[in-house]
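I opened this model to see how its chain is put together. These are my notes, in the order in which I looked things up.

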Amino acid sequence: VAISEEHRVMIRIENSIPTQIIEQEKGGFGIESNNEMYYAYRDDHFTYMFLDSSSEYISDTQLEWFKKQLSTSNNVLLFVHHPILKVHTRVDVEYPLHNRNDVLQELKKHDHEITIFCGHYHMLDEQIDNNIHQIVSPACSYQMIKDADPIQVHAKSFGYRLLTIDGDNISTEVVTFDSWVE
């Protein structure tokens with residue numbers, strides 16, 4: 001993700017979890033806890049928030065911090081491993097974010113546009129609920145068959161999503177590859 005010309009930041013995200021942050025100018029990112037990685041940054045157009053759902057749960061401490069960060073007049077870009085809005089697939093039934101409704105309740109209090117970028121389910125999906133737009137990205141390893149019950153994995157393709165932010169414009173592109181695995 002590259003954020004504006006005045007503050008260019010490269011964020012490497014693996015499995016929807018930020019793993020490396022390189023800042024070329026100004027400060028602004030910070031880890032809020034020794035046990036979890038979550039942080040926020042604001043520019044003239046967006047408030048960028050990164051939540052840590054690696055425990056399959058947003059902790060009470062992180063949720064309180066998140067509520068404070070949402071008191072912004074900016075549109076919000078939220079990056080989190082687990083989807084917040086329900087996805088119509090068996091994977092969502094068996095492996096959801098356990099307190100997603102707590103997070104969703106806070107998001108619904110926010111009047112501006114919220115875009116959630118997430119993964120976890122190893123498939124493409126988009127959901128919209130009023131001002132909340134959730135974009136689920138594919139995995140760079142294997143995919144899940146969306147309509148399968150029980151859950152089925154396939155390794156016929158893999159991919160990733162490119163995200164471009166230019167001022168207040170956001171565009172995404174999904175890049176997929178066919179696997180050599182039969």
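**Entry 1: the whole chain**

I looked up the surface first: the protein chain exposes about 10000 Å², and carbon and sulfur atoms supply 46% of it. Accessible areas come from the Shrake-Rupley method with a 1.4 Å probe, and for residues only the protein chains shown count as cover. I note that this is a predicted model, in which local features need pLDDT of at least 70 and side-chain atom pairs count only at pLDDT 80 or more, while totals for chains, interfaces and linings use all residues. Residues are numbered from 1 along each chain as its sequence is written, and side-chain values use heavy atoms, with hydrogens and water left out.

I found three helices and twelve strands in the protein chain. Helices (H or I, at least four residues) and strands (E, at least two) are DSSP runs, numbered from the N terminus. Of the 182 residues in the protein chain, 46% are buried. Buried means under 20% relative accessible area, exposed means over 50%, and partly exposed is in between (1.4 Å probe, protein chains only). I also looked at contacts, meaning heavy atoms within 4.5 Å. Among those between residues at least 6 apart in sequence, 46% join residues at least 24 apart.

How many residues of strand β8 are buried? I found four of the five buried in β8, which covers residues 132-136. Two strands pair if DSSP finds at least two bridges between them. β8 runs parallel to strand β6 (residues 114-118), with five bridges joining them. One pair I checked is F117, whose bridge partner in β8 is I135.

β8 also pairs with strand β7 (residues 125-129), here in the antiparallel sense and over five bridges. Q127 stands opposite Q134 of β8. β7 and β8 form a hairpin with two residues between them, and N130 in the turn has a positive phi of about 55 degrees.

I then looked at I128, which sits in strand β7. I128 counts as exposed because its relative accessibility is 62%. Leaving aside neighbours within four places in sequence, I128 is in contact with L85 and H133. From I128 to T115 is 13 residues in sequence and 9.3 Å in space, C-alpha to C-alpha.

**Entry 2: salt bridges**

I counted seven salt bridges in the whole structure. A salt bridge is a side-chain nitrogen of Lys or Arg within 4 Å of a carboxyl oxygen of Asp or Glu. Side chains of opposite charge can pair when their charged atoms come close.

The side chains of E64 and K67 meet in one of them, at 3.0 Å, N to O. The two are three residues apart in helix α1 (residues 60-69), so about one helical turn separates them. E64 is partly exposed at 41% relative accessibility, and K67 is partly exposed at 32%.

E106 is buried, with a relative accessible area of 11%. Beyond its neighbours within four places in sequence, E106 is in contact with F66, K67 and L70.

Which residue does K108 bridge to? K108 forms a salt bridge with D129, the closest N and O atoms being 3.2 Å apart. K108 lies in helix α3 and D129 in strand β7, so the pair ties together parts that are 21 residues apart in sequence. K108 is partly exposed at 46%, and D129 is partly exposed at 22%.

I found D149 and R90 in another salt bridge, at 3.8 Å, N to O. D149 lies in the loop between β9 (143-144) and β10 (153-154) and R90 in helix α2 (residues 90-94), so this pair ties together parts that are 59 residues apart in sequence. D149 is exposed at 59%, while R90 is partly exposed at 30%. R90, E94 and D149 are linked in a network of salt bridges.

**Entry 3: cysteines**

I searched for disulfides, a disulfide being a pair of cysteine sulfur atoms within 2.5 Å, and the structure holds zero. C118 is buried, at 2% relative accessibility, whereas C140 is exposed, at 53%.
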